[in-house]
Amino acid sequence: MNGDASGQGDVLVAVDDVYKHFPIKQGIVFKKEIGRVHAVDGVDLQVRRGETLGIVGESGCGKSTLARCITGLHQVTAGRILFEGDDITRLGRAGLKAFRRDVQMIFQDPYGSLNPRRRVGSIIGDPFAVHSIAGGAERKRRVQELMELVGLNPEHYNRFPAEFSGGQRQRIGVARALALKPKLIVCDEPVSALDVSIQAQVINLLKDLQDELGLTYVFIAHDLSVVRYVSDRVAVMYLGKVAEAAEAEVLYGRPRHPYTAALLSAASIADPDEAERAERIVLTGDVPSPIEPPSGCRFHPRCPKAADRCVREDPPLVPREGDPPDHVTACHFPVEPGERLAHKHAAIAQVSTQPELPEAEE
Amino acid sequence: MSLLEVTDLRVSFSTPDGVVRAVRGVSFEVDRGRTLGIVGESGSGKSVSTQTLMGLTPGATVSGRALFEGADLLTAGERRMRRIRGAEIGMIFQDPLSSLHPLYRVGRQIEEMIRAHEPDTGRDAARRRAVEMLGTVGIPQPARRAEEYPHQFSGGMRQRAMIAMALALNPKLIIADEPTTALDATVQAQILDLMRRLQREYDTALIMITHDLGVIADMADDVLVMYGGKAAEKARRRPLYYRPHHPYTKGLLQSTPSAAAGADRLRPIPGQPPSLIDIPSGCVFHPRCEYVMDRCVTDEPVLDPVTGDDDPTHVSACWLPLEALGLGEDAERLRRRAVEEGRVRARPAAAARGGAPEASGAVDATADGGDGGDTGAADRDGPAEGEDDGGTRGDGGAA
């Protein structure tokens, strides 16, 4: 958005080689660990003050887990997360409480994230109660200010969530997140449960609030066009790792990682001519299990460009030849401009990810 | 004659809150080898209309006609419907996990469906066909996967299994209700690709119901846009995207980020979808429409052919001049002039809004919704549509 697009800016959050594994246990008395879900597996990312960082990826790629690590809702398995220079993975109780004033979250489900038996005013006022700020009439005044800010009628202070539509409930969630004037808001699929026309209302609201209050967003979504629309920079995740990160226009215009290229080509475009012109890179198979991720580059079983090296060596996330320094790609053989992948199939096939599709007749 | 011809379909449900008029006179048709896309938001009636065709809306009051190969589906008895469902008309639903039985193996479920419709087919033959279908829809090692349960399949695999089941008896028509909404982008591309390929191969007619204009842009030959239980606009695919007439179609396109690419700002439709119990008077879209005129509040528009378009099937239910097509400036001028002439009663707020259309931002837009529709049906008991409308406009204009 209108954040610091000039280049580096100042870094609000630095995610430094973060891992989050969930153990899988078996047994009733002696719980034995029989495996681990590698949800986030070595991620480096930076969020600059005032910008929107979009994170895209398919279900199971670890984007929501990463978001929860950044907000301190998950303990990381390894690695550091620096918020304004302080490592939040090592904060004590008091430090965490202060940190949690600065970071807020907006959730996907406007139905599940609001307590149906509490009045809207008290839901939005919760952050004040938790942090013992402003009581009584002062709290009510501030809640009503917030309601007005997000476009809700302040007179509806005493209503219940069920009396609001989906889009308005999402506004309640936004008001609650804004209550403590946070520095960072993590939005986890904030509009995917909403109808198109309402979705646009909420997106515009988030943009306006950012301009007005100088907020920083981490914006997670699976809808690529929504992410492109709101983000300054975008990171693409695949199986717990960042595949590629760059400025939004650069990433969408000239993707280097074959997975990014495939993902972008798969996005539906609401324009018949462009949809026909678009060359689809159809990936075969499904995302492999994060319990035993593939060796080397995790994308190699589905990648049209994979070679032997990709099976052995995990490519580092670095700028590739000809790219600006903040465009990083984890690929040994990045996509060259003008290269067409549409008619290639995975070079190194795994049985389980190579279904035999009948050939098109064309 | 088309394979399926639906004429003036009306569906309503009695509820304790009042009669929900979910579908209010919708007509469409679809032919072999063609795809009809039905687009609309939640509550537009798009799913109810097709479910009614299949006899899946028990308790509903239904009127109209739905001729499938010349015979009316709406008056057909339950025995005939059971023969048609699955064998003649296949269905694919949004959520494959709740459409597959969790306790039966996937292969067995397809096998049973074949045997239910073709009692002469032996168990082994049915099994072979089930496995073959699973292979056709791209499930690897189909013989082994047929022995697995639905929970052992991934989301994309389950949707493939649903498609295999829908196609197993080679139906003439397939109704797909949001078939890819629950899937990731790359899997969605695979499934749409598969559906297109199979449709071509079997020359099936397809009705594709979705809220996603992107899916329709890719798949449909004809598009029907529904709003508030009625058809707002109907056209072939290209005219609908490039020369829309109805302000709702235009609004949908302008609030879709991928269609509005390059636009510096999305232009959402203000307000909320209407209640189907207390339906707005006149045009059902008028409380949210930026081109509202006096007659929109009182007279209900009918589907009229637009003029100046090379698509003879292009019809739109809107009182704006029928030559005001598209998103361009000429059309916009035509619309503005018509609105000026059409507003006889003094509407200072509305006029102010017309002068500065850009001013209606998101925040203000919900102020609209907040007044008009936040409390849903309970609050909409006032019949004072005109006044309500005036108030809503006023908020938007004050922006």
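Analyst: The pLDDT is the predictor's confidence in each residue, from 0 to 100. Chain B averages a pLDDT of 83, and 85% of its residues score at least 70. Over residues 348-399 of chain B, however, the pLDDT is below 50; beyond near neighbours in sequence, this stretch has 98 contacts in the model (a contact requires C-beta atoms, placed from the backbone, within 7 Å). For the complex, the predictor gives an ipTM of 0.79 and a pTM of 0.82.

This is a predicted model, in which local features need pLDDT of at least 70, side-chain atom pairs count only at pLDDT 80 or more, and totals for chains, interfaces and linings use all residues. Residues are numbered from 1 along each chain as its sequence is written, while chains are lettered from A and ligands numbered from 1 in the order in which they are written.

Turning to chain A, there are eleven helices and twelve strands (DSSP runs, numbered from the N terminus: H or I of at least four residues, and E of at least two). The radius of gyration of chain A, taken over C-alpha atoms, is 22 Å, close to the 21 Å from the globule rule (2.2 Å times the number of residues to the power 0.38) for 362 residues, so chain A is as compact as a globular protein of that length. Buried residues, with 20 or more other C-beta atoms (placed from the backbone) within 10 Å of their own, make up 50% of the 362 residues in chain A. Of the contacts in chain A with a separation of 6 or more, 67% join residues 24 or more positions apart.

Definitions and conventions
Contact = placed C-beta atoms within 7 Å. Buried ≥ 20, exposed ≤ 12 C-beta atoms within 10 Å, placed from the backbone.
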